[in-house]
Amino acid sequence: MLGGDAADGTGCVLAGQDVGMDGALAALYGQGDKARSGRERSAGLGASAPSVARWLGDIRTYFPSSVVQVMQRDAINRLGLSTLLLEPEMLEAVEADVHLVGTLLSLNKAMPETTKETARAVVRKVVEDLEKRLATRTRATLTGALDRSARISRPRHHDIDWNRTIAANLKHYLPEYRTIVPERLIGYGRASQSVKKEVILCIDQSGSMAASVVYASVFGAVLASMRSIATRLVVFDTAVVDLTDQLDDPVDVLFGTQLGGGTDINRALAYCQSQITRPAETVVVLISDLYEGGIRNEMLKRVAAMKASGVQFVTLLALSDEGAPAYDREHAAALAALDAPAFACTPDLFPDLMAAAIEKRPLPIPDNE
């Protein structure tokens, strides 16, 4: 609706802040106006770092943070401005979000030493914001799931789950005494004092999975902070890298990834399978769009073998809030046939998903998958 030139057909002349807002939009989205109007709009970003820096300041003045993030993403994708992010001054000017972190990780190998410190600061800010938003609920949800999964039939008095014990013994109610005889006690195990579950996060680090890699790394650090869960984090393309020893700092995990390259899910699952020592107490979460470059049949055999041994196997096509992901539908259908359905999950729903897997309940699969 903005744009007051006669060729725009609005018949309105812009003034004041509207002129600046129109210029900021035209610099990014105005290139398509040339064919329609027969001439170019006056604005443009080009590849000039100073002009881009000014533009970044303008859009933060005119638009809310959520819109700024979208426009930054569009500028990187439409105008090829990724290389400008290798300059510290540019990084300090951008609005940091998950998608920007993904772009920085993809540029990690090309990043000069003078930029890396600034890039880590940008990534750390995003990671800390995500941890504040996700950590408390994740720990609370999974602690409850661990307690419920550790119920024992002969608990000590202070470990008795009275609500479930009463419900299980209602048939033993004695009307004359107005009491219940609890023939079967149900209690909680002491989940916090020992490792009760093992979780392996197996993350596809192909370029299309950038946002999922960021969220999975944050969740991996949160899970690793819980003593009752032994957490392992594995990333893969055509090679497999175990980043478990870096889980105390998700920023180190992220900079240990290498976005891009091919995909060998079978090889990654072979490594994960070799790390399983207690199948019945293990949850394997494969986060991948399933575009397999390895041996498809072997991949499916490994999933079937893990499930047969008692492993809870979860396949997430994406762990992000980007909407419906692109994925290999044939492989997703093959996994579903093994009773290992593949579906996308938003970060806010991930704690509930993991709680269901830990308790061996049906997974909360979206209806549209």
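In helix α4 of this predicted model, Val68, Met71, Gln72, Ala75 and Ile76 are buried. These residues cover an arc of only 135° around the axis, which puts them on the same side of α4. The protein chain as a whole has 14 helices and eight strands. Of its 369 residues, 46% are buried.

**Whole chain**
- The accessible surface of the protein chain comes to about 18,000 Å². Carbon and sulfur atoms hold 51% of that surface.
- Consider the contacts between residues at least 6 apart in sequence: 73% of them join residues at least 24 apart.

**Helix α4**
- Helix α4 runs over residues 65-79, which makes 15 residues.
- At 1.5 Å a residue, α4 should span 21 Å. Its end C-alpha atoms are 21 Å apart, so the model agrees with that expectation.

- Thr165 is found in helix α8, which covers residues 162-168.
- Thr165 has a relative accessibility of 1%. The cut-off for buried is under 20%, so Thr165 counts as buried.
- Beyond residues up to four places away in sequence, Thr165 touches Ile160, Pro182, Arg184, Leu185 and Ile186.
- Trp162, Ile166 and Leu170 form a nonpolar patch on the surface. Together these three residues have about 300 Å² of accessible area.
- Leu170, one of the patch residues, is found in the loop between α8 and β1 (173-174).

**Val311, between α12 and β7**
- Val311 sits in the loop that runs between α12 (296-308) and β7 (312-319).
- With a relative accessible area of 2%, Val311 is buried.
- Neighbours within four places in sequence aside, Val311 is in contact with Ile276, Pro279, Thr282, Val284 and Met306.
- Gln273 is 38 residues away from Val311 along the chain. The C-alpha atoms of Val311 and Gln273 are separated by 9.8 Å.

**Helix α13**
- His331, Ala332, Ala334 and Leu335 are buried in helix α13, which covers residues 329-337.
- Seen down the axis of α13, these buried residues fall within an arc of 160°, so they line one face of the helix.
- The cover over the buried residues of α13 includes α12, β7 and β8 (342-345).
- The face turned away from the buried side of α13 carries Arg329, Glu330 and Ala337, which are exposed.

**Pro341, between α13 and β8**
- Pro341 lies in the loop between α13 and β8.
- The relative accessibility of Pro341 is 22%. Partly exposed begins where buried, under 20%, ends, so Pro341 counts as partly exposed.
- Pro341 is in contact with Thr315, Leu335, Ala336 and Ile365, leaving aside its neighbours within four places in sequence. Leu335 is also one of the buried residues of α13.
- Val314 is 27 residues from Pro341 along the chain. Their C-alpha atoms are separated by 7.4 Å.

Definitions and conventions. Residues are numbered from 1 along each chain as its sequence is written. This is a predicted model: local features need pLDDT of at least 70, side-chain atom pairs count only at pLDDT 80 or more; totals for chains, interfaces and linings use all residues. Side-chain values use heavy atoms; hydrogens and water are left out. Helices (H or I, at least four residues) and strands (E, at least two) are DSSP runs, numbered from the N terminus. The expected span of a helix is 1.5 Å times one less than its number of residues. Buried means under 20% relative accessible area, exposed over 50%, partly exposed in between (1.4 Å probe, protein chains only). The arc is that of the directions from the helix axis to the C-beta atoms. Patches are made of residues with over 30% relative accessible area and no salt bridge: like charges are joined within 9 Å, nonpolar side chains (Val, Leu, Ile, Met, Phe, Trp, Tyr) within 5 Å. Accessible areas come from the Shrake-Rupley method with a 1.4 Å probe; for residues, only the protein chains shown count as cover. A salt bridge is a side-chain nitrogen of Lys or Arg within 4 Å of a carboxyl oxygen of Asp or Glu. Contact means heavy atoms within 4.5 Å.
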